[in-house]
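Here is a short briefing for a first look at this protein. Keep the sequence and the model side by side while reading.

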Amino acid sequence: MTSPRQEQVLDAAAGLHDLLNGYWRSQVLCTAARLGVADLLAGGPLTLVEMAAECGLSRSSLGRLMRALVGIGLCTVGEEGYRTTALGRAFESGATGGAHERALVTAEFFYPMWAHLADCLCRSSSAVDVRSGWSGVDLPGGPDGLSSLFERVAPDISEPEAKRIAATRELGERGVVVDVGGSSDALLGEILRAHPGIRGLLYDLPGGTDRARTSLADAGLASRTDVAEGDFLAEVPAGGDLYLLSFVLHSWDDEHALTLLRAVRTAMHPGARLLVIEELLPDDEQDGELASLHDLHMLVTTGGRERTEAEYVALLGAAGLAYVGTVETGGPTGVIEAYPA
């Protein structure tokens with residue numbers, strides 16, 4: 001007979017086992033994405049025999065995966081065969097939110113990198129640096145295939161957040177907004193739509209602007225937006241009235257983040273402003289589990305980090321920028337404003 005204390009320990013161990021087995025579900029989803037299960041069922045229910053023929057798997061093997069997907073809630077099974085749920089429909093390739101593409105990137109890129117978390121922590125470096133040149137990916141189409149997937153994954157800033165930020169800015173009738181590292185163009189596009197008199201300049205690393213060019217053209221904003229490429233750690237275009245760093249600094253360690261902020265400060269005229277949009281770590285370490293996991297994710301994948309508001313304020317000060325304040329967007333994202341000191 002177990003004592004109450006032993007029962008508590010057993011309950012705690014069961015909870016730990018569930019956490020440790022979390023990769024089971026993620027790998028089931030990643031495998032379903034690689035097989036295109038949700039896409040197969042997009043046209044209606046299919047039997048296991050029909051699906052197995054499409055996937056090139058035996059009925060027995062695919063049946064084991066489908067049982068797990070039913071358990072997860074991605075699909076249901078009945079007399080007509082398998083059909084997707086709302087969760088499954090969101091898992092189709094190209095669906096809003098980019099869950100399918102995220103699963104492919106996770107399987108081929110993020111998952112193998114996270115296997116080196118301990119080494120990354122020891123060396124304060126990304127998995128690519130730890131493994132010295134290892135790419136971590138084996139996608140059809142090579143690096144271009146990975147780039148294509150990243151372009152379809154949901155942007156760091158959501159559309160509602162971008163709309164809220166754009167609507168609350170007092171930008172006047174004219175001016176230039178410079179989006180530094182804004183390959184997704186989500187925030188710049190919303191600002192241009194909300195303020196018809198504003199012009200935009202999107203500035204990113206070479207090869208990082210293709211998606212933005214297409215998106216801005218599709219939105220009818222190409223005539224009001226210049227797109228330029230360059231090394232923003234070395235130089236940022238001058239002449240902007242408002243500079244944006246939207247989910248850029250978290251990709252860099254403090255040394256490189258400070259270099260980037262100094263480059264922005266050099267480009268700013270006295271009346272210019274800077275908005276830093278980032279997910280903020282809470283001051284209380286007992287809060288913000290997801291933010292803390294994002295912090296480790298940035299370390300493993302880029303060598304960067306998430307930061308508290310105070311840590312961003314300190315970086316701004318070291319770069320010669322004066323902190324104005326932080327506006328919350330209704331979630332973990334904060335908008336930090338600064339101007340030349």
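**Briefing**

L20 lies in helix α1 (residues 4-20). Helices are DSSP runs of H or I with at least four residues, strands are runs of E with at least two, and both are numbered from the N terminus. The model is predicted: local features need pLDDT of at least 70, side-chain atom pairs count only at pLDDT 80 or more, and totals for chains, interfaces and linings use all residues. Residues are numbered from 1 along each chain as its sequence is written, and side-chain values use heavy atoms, with hydrogens and water left out.

**Overall picture**

- The protein chain holds 16 helices and ten strands.
- Of its 341 residues, 42% are buried. Buried means under 20% relative accessible area, exposed means over 50%, and partly exposed lies in between (1.4 Å probe, protein chains only).
- Take the contacts between residues at least 6 apart in sequence: 64% of them join residues at least 24 apart. A contact means heavy atoms within 4.5 Å.
- The chain exposes about 17800 Å², and carbon and sulfur atoms supply 53% of that area. Accessible areas come from the Shrake-Rupley method with a 1.4 Å probe; for residues, only the protein chains shown count as cover.

**Surface patches**

- L20 is exposed, with a relative accessible area of 58%. Together with L16 and L19, L20 forms a nonpolar surface patch with about 360 Å² of accessible area.
- Patches are made of residues with over 30% relative accessible area and no salt bridge; like charges are joined within 9 Å, and nonpolar side chains (Val, Leu, Ile, Met, Phe, Trp, Tyr) within 5 Å.
- A negative patch is formed by D283, D284, E285, D287 and E311. Asp and Glu count as negative and Lys and Arg as positive, while His and the chain ends are not counted. The place of a charge is taken as NZ of Lys, CZ of Arg, CG of Asp or CD of Glu.
- E285, one of the negative patch residues, sits in the loop between β7 (273-281) and α15 (289-302). E285 counts as exposed because its relative accessibility is 78%.

**Salt bridges**

- The whole structure has seven salt bridges. A salt bridge is a side-chain nitrogen of Lys or Arg within 4 Å of a carboxyl oxygen of Asp or Glu.
- One of them joins E108 to R34, with the closest N and O atoms 2.9 Å apart. E108 is in helix α7 (residues 99-114) and R34 in helix α2 (residues 22-35), so the pair ties together parts that are 74 residues apart in sequence.
- Are the two partners buried or exposed? E108 counts as buried at 14% relative accessibility, whereas R34 counts as exposed at 54%.
- D226 pairs with R199, and here the closest N and O atoms are 3.6 Å apart. This pair links distant parts of the chain: D226 is in strand β5 (residues 225-229) and R199 in strand β4 (residues 198-204), 27 residues apart.
- D226 is partly exposed, with a relative accessible area of 44%. R199 is partly exposed as well, at 33%.
- E80 and R83 also meet through their side chains in a salt bridge (2.7 Å, N to O). E80 counts as exposed at 54% relative accessibility, and R83 counts as partly exposed at 37%.

**Backbone angles**

- Most residues other than glycine have a negative phi.
- S124 has a positive phi, near 50°, and is not a glycine. S124 is found in the loop between α8 (117-123) and α9 (127-130). At 56% relative accessibility, S124 counts as exposed.
- F247 is not a glycine either, yet its phi is positive at about 55°. Where is F247 found? F247 is in the loop between β6 (242-246) and α14 (254-267). F247 is buried, with a relative accessible area of 11%.

**Pairs in space**

- A86 lies in helix α6 (residues 86-89) and counts as exposed at 54% relative accessibility. A86 and C75 are eleven residues apart in sequence, and their C-alpha atoms are 8.4 Å apart.
- G220 is in the loop between α13 (210-218) and β5. G220 counts as exposed, at 53% relative accessibility. G220 and G189 are 31 residues apart along the chain, with 9.8 Å between their C-alpha atoms.
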